[in-house]
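Please look through the sequence and the model below before reading on. The paragraphs that follow go through the strands, the helix and the packing between them.

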Amino acid sequence: MRECIFSRGNKGYLINLKHVEAIEEKCAVVKGEKLLISRPRMNDFMRDLTKYWGEVE
């Protein structure tokens, strides 16, 4: 079974990449909720998400 993959969105929380539906206005959309991605973490988060989406398809 595949492990859950997490990436830090900001200093307050980790985001399970399996549940990210979209990226809108510097936010990750998870189950309809927009979670803000901080500017310093945006590049790392997008790299992690792109890698994850590439692996699951």
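**Strands, helix and core**

The model is a predicted one, in which local features need pLDDT of at least 70 and side-chain atom pairs count only at pLDDT 80 or more, while totals for chains, interfaces and linings use all residues. Residues are numbered from 1 along each chain as its sequence is written, and side-chain values use heavy atoms, with hydrogens and water left out.

With two residues between them, β1 and β2 make a hairpin.

A further set of three strands forms an open sheet with antiparallel pairing, in the order β3-β4-β5. Because β3 (20-24) and β5 (33-36) each have a single partner strand, they stand at the edges, and one side of each is left without a neighbour in the sheet. From one strand to the next the twist averages 30°, where axes are lines fitted to C-alpha atoms, for helices over the stretch in contact, and angles between N-to-C directions run from 0 to 180 degrees. Strand β4 (residues 27-30) is held to β5 by four bridges in the antiparallel sense, and valine 30 has glutamate 33 as its bridge partner in β5.

Across β3 and β4 lies helix α1 (residues 39-56), whose direction is at about 140° to β3. The end C-alpha atoms of α1 are 26 Å apart, which agrees with the 26 Å that its 18 residues should span at 1.5 Å a residue, the expected span being 1.5 Å times one less than the number of residues. Which residues of α1 are buried? They are Met42, Phe45, Leu49 and Tyr52, where buried means under 20% relative accessible area, exposed over 50% and partly exposed in between, with a 1.4 Å probe and protein chains only. These buried residues of α1 pack against β1, β2, β3 and β4, contact meaning heavy atoms within 4.5 Å.

The largest nonpolar core has 10 residues, namely Ile15, Leu17, Val20, Ala28, Val30, Ile37, Met42, Phe45, Leu49 and Tyr52. Such a core is a set of buried Ala, Val, Leu, Ile, Met, Phe, Trp, Tyr and Cys residues joined through side-chain atoms within 4.5 Å. Two or more residues of this core come from each of β4 and α1, and α1 gives the largest share, with four residues.

Alanine 28, in strand β4, counts as buried because its relative accessibility is 0%. Beyond its neighbours within four places in sequence, alanine 28 is in contact with residues including Ile15, Val20, Leu35 and Phe45; the C-alpha atoms of alanine 28 and phenylalanine 45, 17 residues apart along the chain, are separated by 9.6 Å. Isoleucine 15, with residues up to four places away in sequence not counted, touches Phe6, Ala28, Val30 and Phe45, among others.

Asparagine 16, in strand β2, is also buried, with a relative accessible area of 14%. The side chain of asparagine 16 reaches the backbone nitrogen of lysine 18 at 2.9 Å.

Technical notes
Two strands pair if DSSP finds at least two bridges between them. A polar contact is a pair of N or O atoms within 3.5 Å; within protein, one must be able to donate a hydrogen and the other to accept it, and residues adjacent in sequence count only if both atoms are side-chain atoms.
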